Amino acid sequence: MIYWSWDPSLSVGIDVIDSQHRRIVDYINELAVARNERDKEEVTQVLMNLVDYTNTHFAFEEELMKNAGYPLSDSHKKVHEAFISNIKKFVQQHEEGRDVTSKLMSTLQIWLTNHIKRDDKDYAPYAAKMMNPGWLKKTLNRFFG
Ligand SMILES: [Fe+2]
């Protein structure tokens, strides 16, 4: 079951970032499957994975922006923090037994679409100029290794 399909309008023009964003989209689709099957344990598991992966992805992006000298990296980081605390509220409500999955999926889709198209596309040219294979390998290892 596909809740949300990746489309090229979401590309920031940097493969490694696009593939991380696609992974988040995959998690949202996994959430849709778990919800459809009314598998609460699976929903909990996917939520944990989603939060964990998103945290790592944000940390990777923040390192990228900092290294690239992107002038708005502080405010971008604040946006990430607000987003994580928002997801955590949903997770808490889920743990309290409320059915928040559907609302969470639409919130994630809207928020991510806007964030990728506006904020992430804004830092991309700075990042593209700075990145090289050596930096990428080392940094991916540090965050995802
Ligand atoms: Fe971002």
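**Close-up views of a predicted model**

His-76 and Asp-120 are both buried. The model shown in these views is predicted.

**View 1. The iron site.** The iron ion is coordinated by Glu-61 through OE, by His-76, His-80 and His-115 through NE2, and by Asp-120 through OD, at 2.1 to 2.4 Å. Along the chain, the donors of the iron ion are spaced as E-x14-H-x3-H-x34-H-x4-D. His-76 belongs to helix H3 (residues 73–95) and Asp-120 to helix H4 (residues 101–130), so this pair ties together parts that are 44 residues apart in sequence.

**View 2. Packing of helices H2 and H5.** Two packed helices are described by the angle between their axes and the distance between the axes. For helix H2 (residues 40–68) and helix H5 (residues 133–144), the angle is about 145° and the axes are 10 Å apart. The crossing of H2 and H5 is right-handed. On the H2 side, the residues that meet H5 are Tyr-53, Thr-56, His-57, Ala-59, Phe-60, Glu-63, Leu-64 and Asn-67. Their counterparts in H5 are Trp-135, Leu-136, Thr-139, Leu-140, Arg-142, Phe-143 and Phe-144. By residue class, the contact of H2 with H5 comprises 9 nonpolar, 4 polar and 2 charged residues.

**View 3. Helix H1 and the residue after it.** Helix H1 covers residues 15–36, and its 22 residues should span 32 Å at 1.5 Å a residue. The C-alpha atoms at the ends of H1 are 31 Å apart, which agrees with that expectation. Arg-38 follows H1 and has a positive phi, near 50°.

**View 4. Surroundings of Tyr-27.** Tyr-27 is a residue of helix H1. Its relative accessibility is 9%, so Tyr-27 counts as buried, the cut-off being under 20%. With neighbours within four places in sequence left aside, Tyr-27 is in contact with Val-46, Asn-49, Leu-50 and Tyr-53. Tyr-53 is also listed among the H2 residues that meet H5. Between Tyr-27 and Gly-69 there are 30 Å in space, C-alpha to C-alpha, and the two are 42 residues apart in sequence.

**View 5. Surroundings of Thr-101.** Thr-101 is located in helix H4. Thr-101 counts as buried because its relative accessibility is 6%. Beyond its neighbours within four places in sequence, Thr-101 is in contact with Leu-31, Arg-35 and Val-43.

Key:
Residues are numbered from 1 along each chain as its sequence is written. This is a predicted model: local features need pLDDT of at least 70, side-chain atom pairs count only at pLDDT 80 or more; totals for chains, interfaces and linings use all residues. Side-chain values use heavy atoms; hydrogens and water are left out. Axes are lines fitted to C-alpha atoms, for helices over the stretch in contact, and angles run from 0 to 180 degrees between N-to-C directions. Helices (H or I, at least four residues) and strands (E, at least two) are DSSP runs, numbered from the N terminus. A crossing is left-handed if the near helix is turned anticlockwise from the far one by less than a right angle, and right-handed if clockwise. Contact means heavy atoms within 4.5 Å. Ala, Val, Leu, Ile, Met, Phe, Trp, Tyr, Cys and Pro count as nonpolar, Asp, Glu, Lys and Arg as charged, and the others, Gly among them, as polar. The expected span of a helix is 1.5 Å times one less than its number of residues. Donors are N, O and S atoms within 2.8 Å of the metal (3.2 Å for Na, K and Ca); water is not among the atoms, so sites may look incomplete. Buried means under 20% relative accessible area, exposed over 50%, partly exposed in between (1.4 Å probe, protein chains only).
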